[in-house]
Amino acid sequence: MKARIACSACLLGYACKYDGGSNFDPEVVAFLRGCEVIPVCPEILGGMPTPRIPAEILPDGTLRNRENLDVTEYFEHGKIATLAILRAAGCDRIILKDGSPSCGTTYVYDGSFTHRAVPGMGVCARHLRDNGITIVEIHEKGQRLG
Ligand code: SF4
């Protein structure tokens, strides 16, 4: 049986990034070869368009876009929808794009829109982890789908 795993859609080449591009990562695609892959984009699932104004997580945990609009609700919808998709698909693993306010796994940007990265997780990544979804880090030496 094929391993089933979800993945940030932008890593697979979907043009769902805030600027209308993708974060295509050939290493991710190579890693996933032979797997049953479920692409998800929490920000699109949350109701945001592409392209969209980039958002960051503020120190108080709310999200604002670069025009200072509170977009927390979209991110909350996105994390709930993403978990629901994984649950419906019987999928308990995901590869996520680091640095994103939704998908970040080890770092995010600090809310100042000055490209300052800080340790932390995106809204969706944290929600998935807290609900038992394993975040697969393919760049870790020796990490394999089991
Ligand atoms: S929300 Fe996640 S999947 Fe969507 S563009 Fe951002 S990093 Fe990629």
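Q: Which residue in β5 does Cys7 stand opposite?
A: Cys7 stands opposite Ile95. This is a predicted model, where local features need pLDDT of at least 70, side-chain atom pairs count only at pLDDT 80 or more, and totals for chains, interfaces and linings use all residues. Residues are numbered from 1 along each chain as its sequence is written.

Q: And in what sense do β1 and β5 pair?
A: In the parallel sense, over 2 bridges. Two strands pair if DSSP finds at least two bridges between them. Strands (E, at least two residues) and helices (H or I, at least four) are DSSP runs, numbered from the N terminus.

Q: What about β1 and β2, how many bridges there?
A: Strand β1 (residues 4-8) pairs with strand β2 (residues 36-40) in the parallel sense over 5 bridges. Ile5 stands opposite Val37 in β2.

Q: How many residues of β1 are buried?
A: 4 of its 5, so β1 is mostly covered. Buried means 20 or more other C-beta atoms lie within 10 Å of the residue's own, exposed means 12 or fewer, and partly exposed is in between, with C-beta atoms placed from the backbone.

Q: Back to Cys7, what does it touch?
A: Leu12, Val28, Leu32, Val37, Pro39, Ile94 and Ile95, not counting residues up to four places away in sequence. Contact means C-beta atoms, placed from the backbone, within 7 Å.

Q: Which residues touch the most other members of the largest nonpolar core?
A: Cys7, Cys41, Ile94 and Ile95, out of 34 residues in that core. Elements that each supply at least two residues of this core include β1, α3 (72-89) and α4 (123-130). A nonpolar core is a set of buried Ala, Val, Leu, Ile, Met, Phe, Trp, Tyr and Cys residues joined through C-beta atoms within 7 Å.

Q: Which residues are buried in α4?
A: Val123, Cys124, Ala125, His127 and Leu128. What covers the buried residues of α4 includes α2, α3, β5 and β8 (134-135).

Methods:
Two residues are in contact if their C-beta atoms, placed from the backbone, lie within 7 Å.
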